[in-house]
Amino acid sequence: MSETMIWPSFRYSDAHAAIRFLVDAFGFERVAVYENGDRVDHAELRWPLGGGVMLGSSSREDSSIAGLPAGTGSVYVVTDDVDGLFKRACAAGATVVREPLDESYGRGFTVRDPEGVFWSFGTYAGSGS
């Protein structure tokens, strides 16, 4: 059986600040950052439980997602520590959209990063888990 990985990709006006925020607020691990001066051409941030996100500077015009406006998008990330991660995200300055809530499929919350991307974290890991 092969493992499926999904890597959402984002563009940020200030990719360096976004990387710092995602590491500090959520606990992503900085794996690779390829730069061209002040511009981030590609960055890879891994999630401790698997998968990760890719991002880069919106000033990179030759990106395959150059048409995507900076600071847009939404991603859901599985965590086993909803409440601890919510506190960490708030302490780092995330904008609260929905506080931790128990629902029939699990517990989770949603925040926005400084450029406006929606980040949802929760215990729901899919119907097969």
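The second largest pocket of this predicted model is lined by 13 residues, of which Ser9, Asp41, His42, Ser63 and Ile65 lie nearest its centre. A pocket is here an open set of points on a 1 Å grid over the protein atoms alone, where a 1.4 Å probe fits, with protein on both sides within 12 Å along at least five of seven lines; lining residues have an atom within 4 Å of a point. The space in this pocket amounts to about 180 Å³, a volume being the space filled by probe spheres set on the points, which are joined across faces, edges and corners. At least two lining residues come from each of strand 1 (9-12), strand 3 (39-46) and strand 4 (52-57); strand 4 gives the largest share, 4 residues. Helices (H or I, at least four residues) and strands (E, at least two) are DSSP runs, numbered from the N terminus.

The conventions of the model are as follows. Residues are numbered from 1 along each chain as its sequence is written, and side-chain values use heavy atoms, with hydrogens and water left out. Local features need pLDDT of at least 70 and side-chain atom pairs count only at pLDDT 80 or more, while totals for chains, interfaces and linings use all residues.

Helix 1 has 12 residues, which at 1.5 Å a residue should span 16 Å, and its end C-alpha atoms are 16 Å apart, in agreement; the expected span is 1.5 Å times one less than the number of residues. Its buried residues are Ala15, Ala18, Ile19, Phe21, Leu22, Ala25 and Phe26. Seen down the axis of helix 1, these fall within an arc of 165°, so they line one face of the helix. Buried means under 20% relative accessible area, exposed over 50%, and partly exposed in between (1.4 Å probe, protein chains only); the arc is that of the directions from the helix axis to the C-beta atoms. After helix 1 comes Gly27, with a positive phi near 90°.

Helix 2 (residues 82-91) buries Val82, Leu85, Phe86 and Ala89. Viewed along the axis of helix 2, its buried residues lie within an arc of 105°, so they line one face. The face turned away from that buried side carries the exposed residues Lys87 and Ala91. The buried residues of helix 2 pack against helix 1 (15-26), strand 6 (95-103), strand 7 (106-112) and strand 8 (118-122), where contact means heavy atoms within 4.5 Å. Gly93, whose phi is positive, near 100°, follows helix 2.

Thr110 belongs to strand 7 and, at 11% relative accessibility, counts as buried. Not counting residues up to four places away in sequence, Thr110 touches Thr95, Val96, Val97, Arg98, Phe118, Trp119 and Ser120.

Arg30, in strand 2 (residues 29-36), is exposed, with a relative accessible area of 53%. With residues up to four places away in sequence left out, Arg30 touches Ile19, Val23, Glu44 and Leu45. Arg30 and Arg20 are 10 residues apart in sequence and 8.9 Å apart in space, C-alpha to C-alpha.

Ser58 lies in the loop between strand 4 and strand 5 (74-78) and counts as buried at 18% relative accessibility. Apart from neighbours within four places in sequence, Ser58 is in contact with Arg11, Tyr12, Ser13 and Ala70.
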